[in-house]
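Open the structure in your viewer and keep the selection tool at hand. This tour goes stop by stop, telling you what to select next and what is there.

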Number of protein chains: 2
Amino acid sequence: MKKTEKQNTGKLKIIPLGGLEQIGMNITAFEYEDSIIVVDCGLSFPEDDMLGIDLVIPDITYLKENIDKVKGFFITHGHEDHIGAIPYVLKEINVPIYATKLTIGIIDRKLEEHGMLKTVKRKVVKYGQHINLGCFRVEFIKTNHSIQDAAALAIYSPAGIVVHTGDFKVDYTPVFGDAIDLARFGEIGKKGVLALMCDSTNAERPGFTQSEKSVGKVLDGIFEDHRKNRIIIATFASNVDRVQQIINCAEKYGRKVAIEGRSMVNIISIASELGYLSLPDNILIDVEQLRSYPDEQTVIITTGSQGESMAALSRMANGTHRKVSIKPNDTIVFSSNPIPGNEKSVTGIINELMMKGADVIFQDVHVSGHACQEDIKLIYSLVNPKYAIPVHGEYKHLVAQAKIAEQLGYDTDHIKILSSGDVLEINEDGAKVTGRVHVGNVMVDGLGVGDVGNIVLRDRQRLAEDGIIIVVMTLEAGSGQLLAGPDIVSRGFVYVRNSESLMDEAKCVLDDTMERLTDNNVTDWGKIKTEVKDALGDFVWKETKRRPMIIPIIMEV
Amino acid sequence: MKKTEKQNTGKLKIIPLGGLEQIGMNITAFEYEDSIIVVDCGLSFPEDDMLGIDLVIPDITYLKENIDKVKGFFITHGHEDHIGAIPYVLKEINVPIYATKLTIGIIDRKLEEHGMLKTVKRKVVKYGQHINLGCFRVEFIKTNHSIQDAAALAIYSPAGIVVHTGDFKVDYTPVFGDAIDLARFGEIGKKGVLALMCDSTNAERPGFTQSEKSVGKVLDGIFEDHRKNRIIIATFASNVDRVQQIINCAEKYGRKVAIEGRSMVNIISIASELGYLSLPDNILIDVEQLRSYPDEQTVIITTGSQGESMAALSRMANGTHRKVSIKPNDTIVFSSNPIPGNEKSVTGIINELMMKGADVIFQDVHVSGHACQEDIKLIYSLVNPKYAIPVHGEYKHLVAQAKIAEQLGYDTDHIKILSSGDVLEINEDGAKVTGRVHVGNVMVDGLGVGDVGNIVLRDRQRLAEDGIIIVVMTLEAGSGQLLAGPDIVSRGFVYVRNSESLMDEAKCVLDDTMERLTDNNVTDWGKIKTEVKDALGDFVWKETKRRPMIIPIIMEV
């Protein structure tokens, strides 16, 4: 019964560097002795208080500190929250990327945009294939999701097998390719699985997730009922199966298809090049060619289903799209649900489209790409892991999956809800969080990566709330005598032309303050700035109950 | 068959000054010859792009221009989107307010805060009572809603009867008082109604709205299942019936009740004073007294169900509440649904509460206060109006009600979807939009009413996105020679300590620009400012792909 020394002491470390207690920014390190492999490398979109930020990527200090151990990245699928940080992270840690064909295709386009195609190694992996890297072996298992070519990973380590589902759903009747390889989950389950890291996104929803094909039927009904209208359908660019179903309907009902929106055009070109999208001959037309066909013989597939202000659909809705104008006879379909946080912008677009007279269909033309409660139970039953580690989700989603595991008989000791940064040490003898590594959000704003931090954001927040008042004055070098000013310039505070008396009074407050300081021979700049700030701040608060940022600037000549 | 001259030509003008194509800010003028009455006087909450704005009230220029005609305000119920603008509007148009008892009670508290109790006349009206004002007669009809004492109005004008539902639902088993007076709707319908202005909020939802009492059963189940936990329930302060049901449960299960949140305390005091809330003896305790009772014998009713950052529940969640700390044994109930736009903040609070170990129940402990499709059909059938004028809602809600009216057999000529500002002239002979009046959003920011407009908001937006760079220089009077600067100060742009080289280079760009201008003898301040702005703007865009606001300031000595 005595195990070898190695087996007794060896522990696998599972270290999520992002993606837990949040939606997005999925990245998890698996470490065993001198080997680290990383699963996914995603970004997240800025929270409401991250003003002006374009996107957020994970802090990978831990990987950089252990750069010699890092062997490669395994990517489960091609969504931004799983691949979006690759160009930034791979600049610092240049190791090979392993993923399925479509996923690599999408990553390639991203690397190309960053001029990194020649520097980063990518390797296309097939389902069932095993990759040996350091002391790990990683197997790709077919799953279903709202993007094709999604994979779960079986990670074979000396401490045991970990199954990571990636984002997944169970679709017995997928539009393209095979159903999820449930049998392989079962086969691996029979070998004995140490831990299951399972998608929690829909863990609050009872029942089963519907097949993508069910949306095809709804779309067919819409095409049938709107034979006399132009049809415009907004959906997620990366949902190639959805696009395929729209194209199938277009073919059936004798319509040409125009594609609008950069990301939609991109994905469709990648997917059709790689054989994931089958396009009937001559069905695609340029948007410019739309005018050559009667409206009722056309469909436009567009981005913007989330109400993104710069996307094609928004521009159509507010009349700034250069090539497509909404007409009263249009039927516009949102083949999507709003992602939490986007509800208001989506509603705004719907209202605008309706005001232009269009018929807008925005309910029940979508199914989720994530497993619901009964699907999650199915995977647990097949994999039968010793430990449950819910992943992908806010804390409430992780808790919801933990409750499912409890229902399945797991005791709380065998359910591990981790935070990003936790180091979980795990083997057959136990699982325990033994430490923390540095993690965090690195904010990308324009070309700047990480140059905007909390101080800058706090300033932006303050500027956004109440604007800024700048006070400038010129003092004589040496004497400190006031030569010019104090002058006031404000932005985002009040509309000055309507508030002249307020600004005049503010000027008087400043003059009084400077007089008092001069009388008291105060020449210290720090002191002058503080007094100016306090006097003006008090005055403005009393008069307006606002707290604009006040910046005193002193020039010396 | 010939009608009198008066009957032939007299037309009622219906002029919505807010509340259409938006949620909130309900206010509608009814004008006949020299009489104007106004229904409701609400505020709306700022949209996402109204940075720093506290609330939005209607532009009432039209009423001010016709101040001699304005006879009074009729208020349908005590929600902010129907009463919130009263203190601002009545400062300018001081006419009497007519409403039911609780509504007046809530308005009184609001006027008191603004020191206007002595200047504004209020009159309590009973259901069934008729008020004669100018050439109008207005009858208050009992309805149900998520606040008590809601009324529909029958507006008798020389041109015909208009029925305005206010916000309403049909509740056959209300918690307090009577069910909606459907019979009276029918009776008035039989007299012949010119137009029905009906609540559209839930016009997209099929079926019937559930009774408020159904929530009582759910609450009872929660109290039954969580006998060993402290229970904290967040709900809308103004939903006194909900509070009553929580108190009933507390009494049944032997718990004391503490109230948290200023608006909750306010409403409960008004409602119990006026007899709308029945409090068992000694059931209420102060929050300070909570520690004197075992957790399982207490309930806390709190504000914050919408995730408002300053509300009591948010402070409990993030650990900054001075009197209540969340414990792992707490059961926290959201007896509410997130209002569109609040989803993310509500989810954020749920996550925080769960991380503190609390059990959080946030689904299905709420019913709506608005009529669903079948309820709307019921009202149409009873009132049987000649014209349908959907009110209360975004455009898509108005369209949804219009579709219901079409199903009921109304032709599109008899369905009038209005925009705020439209002047609808209506009588038995026809209904037509004949003009527009000035309407708009007046933004309230601190003490300022209307001093923040689009220019200020645009500046705040820009400041929020990319911050500000201030360039100051001192020139010699007359010669225009550069005596000091250009110096650079930035806020919300980059964290300067990490971006020293960028700021140094920016300084060089400015020095070069000034040198060039000096060489060319440019002394015109406008020209200098433009050149500085352009040169620095180009440099910053090239280096960072950001567009901070650039403010050049020239001092002269």
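The stops below begin with a whole chain and then move to single residues and pairs.

**Before you start**

Keep in mind that this is a predicted model.

**Stop 1: chain A as a whole**

Select chain A. Its C-alpha atoms fill a box of roughly 90 × 75 × 50 Å, taken along the principal axes. Switch to a cartoon view. Chain A shows 16 helices and 26 strands. Now colour by burial. Of the 557 residues in chain A, 58% count as buried.

**Stop 2: a charged patch**

Select D48(A), D49(A), D48(B) and D49(B). Together they gather in a patch of negative charge on the surface. Zoom in on D49(B). Where does D49(B) lie? It sits in the loop between β3 (35-39) and β4 (55-58) of chain B.

**Stop 3: a buried loop residue in chain A**

Go to N144(A). Look for the loop between β9 (136-142) and β10 (151-157) of chain A; N144(A) is there. Is N144(A) buried or exposed? With a relative accessible area of 6%, N144(A) is buried, because the limit for that class is under 20%. A polar atom of the N144(A) side chain lies 3.0 Å from the backbone nitrogen of D171(A).

**Stop 4: a buried loop residue in chain B**

Select H321(B). This residue is in the loop between α10 (312-317) and β17 (330-334) of chain B. H321(B) is buried, at a relative accessible area of 9%. Now select G134(B) as well and draw a line between the two C-alpha atoms. H321(B) and G134(B) are 52 Å apart in space and 187 residues apart in sequence.

**Stop 5: salt bridges**

How many salt bridges does the structure hold over all chains? There are 52. Visit a few of them.

- Select R262(A) and E113(A). Their side chains meet in a salt bridge of 3.7 Å, N to O. R262(A) lies in helix α9 (residues 262-273) of chain A and E113(A) in helix α5 (residues 101-113) of chain A, so the pair ties together parts that are 149 residues apart in sequence. R262(A) is exposed, with a relative accessible area of 64%.
- Select E224(A) and R227(A). Here the side chains form a salt bridge of 3.2 Å, N to O. E224(A) is partly exposed, at a relative accessible area of 37%. R227(A) is also partly exposed, with 48% relative accessibility.
- Select E288(A) and K323(A). In this salt bridge the closest N and O atoms are 2.9 Å apart. The pair links distant parts of the chain, 35 residues apart. E288(A) is in the loop between β15 (284-285) and β16 (298-302) of chain A. K323(A) is in the loop between α10 (312-317) and β17 (330-334) of chain A. E288(A) is partly exposed, with a relative accessible area of 42%. K323(A) counts as partly exposed too, at 39% relative accessibility.

**Last stop: a network**

Select D445(A), D451(A), R460(A) and R546(B). Salt bridges that share partners join these four residues into one network. Colour by chain here: D445(A), D451(A) and R460(A) belong to chain A, and R546(B) belongs to chain B.

Technical notes
Residues numbered from 1 in each chain as written. Chains lettered and ligands numbered in written order. Predicted model: local features only at pLDDT ≥ 70, side-chain atom pairs only at ≥ 80, totals over all residues. Heavy atoms only, no water. Patch = residues over 30% accessible without salt bridge, like charges linked within 9 Å, V, L, I, M, F, W, Y side chains within 5 Å. Areas by Shrake-Rupley, 256 points an atom, 1.4 Å probe, with all protein chains shown as cover. Lys, Arg positive; Asp, Glu negative; His and termini not counted. Charge placed at Lys NZ, Arg CZ, Asp CG, Glu CD. Helix = DSSP H or I, 4+ residues; strand = E, 2+ residues; numbered from the N terminus. Buried < 20%, exposed > 50% of the residue type's maximum accessible area, 1.4 Å probe, protein only. Polar contact = N/O pair within 3.5 Å; in protein donor to acceptor, adjacent residues only side chain to side chain.
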